[in-house]
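Here is a short briefing on a protein model.

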Amino acid sequence: MQIVQFKAPAACIFKMNPFSSSQRFFLYRGATDMRRSFAGLGAIVTNELQKPLTSGDVFIFINKPRNSIKLLVWDRNGFVIYYKRLEEGTFEIPGGDEK
């Protein structure tokens with residue numbers, strides 16, 4: 001599975017930006033079942049992306065119709081999931097350095 005690493009855009013997905021410019025963002029390119037929660041998304045990170053879960057990096061997951069997105073991040077003492085579902089339109093998947 002290919003992933004894309006990119007820096008956070010100037011205008012973040014969320015109006016209240018809980019992320020820092022020092023964090024790395026990894027987009028999982030496979031379609032993700034949005035019923036997955038902490039354990040399921042964490043399994044993708046460790047097994048398929050082969051990244052450490054508690055690094056503070058942000059892992060981004062998008063469903064097949066591209067109308068839902070989840071971000072998984074370790075926040076000092078636990079995991080946080082940010083979830084957004086669009087009522088209209090789709091998320092665009094950025095190009096970038098594939099690693």
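Trp74 has a relative accessibility of 25%, so it counts as partly exposed. This is a predicted model.

**Aromatic pairs**

- A pair of aromatic rings is described by two things: the distance of the centres and the angle of the planes.
- The structure holds 3 aromatic pairs.
- One of them joins Tyr28 and Phe61.
- Are Tyr28 and Phe61 buried or exposed? Both are buried.
- The cut-off for edge-to-face is over 60 degrees.
- Phe79 has a relative accessibility of 32%, so it counts as partly exposed.

**A charge over a ring**

- Lys70 lies over the face of Tyr83. The distance to the ring centre is 5.1 Å.

**Thr32, a loop residue**

- Where does Thr32 lie? It is in the loop between S2 and helix H1 (38-49).
- Thr32 has a relative accessible area of 5%, so it is buried. Buried means under 20%.
- Leaving aside neighbours within four places in sequence, Thr32 is in contact with Leu41, Ile44, Phe61, Ile62 and Asn63.

**Phe38, a helix residue**

- Phe38 has its place in helix H1.
- At 41% relative accessibility, Phe38 counts as partly exposed.
- Which residues does Phe38 contact, leaving aside its neighbours within four places in sequence? They are Leu72, Phe79, Val80 and Ile81.
- Phe38 and Val73 are 35 residues apart in sequence. In space, they are 9.6 Å apart, C-alpha to C-alpha.

**Confidence**

- The mean pLDDT of the protein is 84. A pLDDT of 70 or more is reached by 79% of the residues.
- Over residues 10-14 the pLDDT is below 50. In the model, this stretch has 8 contacts beyond near neighbours in sequence.
- Where pLDDT is low, the predicted coordinates should not be read in detail.

Note on methods. Residues are numbered from 1 along each chain as its sequence is written. This is a predicted model: local features need pLDDT of at least 70, side-chain atom pairs count only at pLDDT 80 or more; totals for chains, interfaces and linings use all residues. Side-chain values use heavy atoms; hydrogens and water are left out. Rings of Phe, Tyr and Trp (its six-membered ring) pair if their centres lie within 6.5 Å; planes under 30 degrees apart count as stacked, over 60 as edge-to-face and the rest as tilted. Buried means under 20% relative accessible area, exposed over 50%, partly exposed in between (1.4 Å probe, protein chains only). A charge sits over a ring if NZ of Lys or CZ of Arg is within 6 Å of the ring centre and within 35 degrees of the ring normal. Helices (H or I, at least four residues) and strands (E, at least two) are DSSP runs, numbered from the N terminus. Contact means heavy atoms within 4.5 Å. pLDDT is the predictor's confidence in each residue, from 0 to 100.
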